[in-house]
Amino acid sequence: MSTGTLGGVTIELGLRERKKQQTRRRIAEAAMALFAERGFDQVPVAEIARSADVSEATVFNYFANKEDLVYQGMEEFETALIEAIRQRPAGTSVLQAYRDFVLQPRGALLDASPEAIAQVATVARIIAGSPTLQSRERQTFDRYTGVLAQLISTETGAGADDVEPHVVATALMGVNRAMKDLVHRLAQSGHRGAHITAEVFAQGHRALDLLERGLAGYPDTSATA
């Protein structure tokens with residue numbers, strides 16, 4: 001009996017989670033359609049809720065703010081990137097861990113289908129037309145650059161006034177940002193997914209190779225071990 005009950009709970013939780021995912025996807029799709037039609041800054045959350053057939057409170061249950069409807073995926077990517085660097089194997093440099101994560105195809109660059117690239121182009125157009133989203137993007141990159149700089153500072157035992165960790169973090173996050181911008185430009189220019197993927201990762205490799213000539217082996221913690 002207990003096994004059956006446990007099994008029933010497992011099934012119920014699975015169904016509940018799928019329903020939540022469906023609601024989340026419906027809200028996001030309704031929002032993106034409205035943003036594409038009229039622009040991010042011209043669409044209130046109440047209208048998104050009506051279009052998705054949910055309450056305004058439900059929208060905020062799934063997305064902390066309106067900007068998250070566009071940028072939550074970016075936040076998840078940056079969080080995973082920082083965690084990959086934090087949890088990298090002993091003896092692996094910050095640059096190598098960064099390279100391993102950033103140069104791994106995922107999302108639209110892994111899919112590379114016409115539909116996925118068209119969605120990227122739409123998002124790029126929405127962002128380009130919204131000062132609010134552009135400001136959020138800058139804030140996000142600045143915040144994660146600061147998190148990475150603090151991680152490097154802690155690992156190296158850098159002093160509070162040492163700019164080196166922030167210089168390294170800024171250089172690395174700059175590659176991430178440049179690759180994102182390139183994806184958006186190529187998608188809006190009508191390039192095919194396979195071409196975009198090849199071009200973006202080729203340029204990412206070159207940019208990180210350039211940094212590696214100066215950052216290979218960084219940080220050297222032997223002096224503080």
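How do the axes of helix α4 and helix α8 cross, and within what distance do they come? This is a predicted model, where local features need pLDDT of at least 70, side-chain atom pairs count only at pLDDT 80 or more, and totals for chains, interfaces and linings use all residues. Residues are numbered from 1 along each chain as its sequence is written, and side-chain values use heavy atoms, with hydrogens and water left out.

**View 1. Helix α4 beside helix α8.** The axes of α4 (residues 68-86) and α8 (residues 131-156) come within 11 Å and cross at roughly 10°. That makes α4 roughly parallel to α8 (an angle under 35 degrees). Axes are lines fitted to C-alpha atoms over the stretch in contact, with angles from 0 to 180 degrees between N-to-C directions. Helices are DSSP runs (H or I, at least four residues), numbered from the N terminus.

**View 2. The loop residue Leu103.** Leu103 lies in the loop between α5 (94-102) and α6 (108-111). At 12% relative accessibility, Leu103 counts as buried (under 20% relative accessible area, 1.4 Å probe, protein chains only). Beyond its neighbours within four places in sequence, Leu103 is in contact with Met179, Phe201, Gly204, His205 and Leu208 (heavy atoms within 4.5 Å).

**View 3. Contacts of Leu172.** Leaving aside neighbours within four places in sequence, Leu172 is in contact with Val94, Leu95, Tyr98, Leu148, Leu208 and Leu211.

**View 4. Helix α2 and the residue after it.** In α2 (residues 45-52), the buried residues include Val45, Glu47, Ile48, Ala49 and Ala52. Asp53 follows α2, and its phi is positive, near 60°.

Conventions. Helix = DSSP H or I, 4+ residues; strand = E, 2+ residues; numbered from the N terminus. Parallel < 35°, antiparallel > 145°, perpendicular 65-115°, else oblique. Buried < 20%, exposed > 50% of the residue type's maximum accessible area, 1.4 Å probe, protein only.
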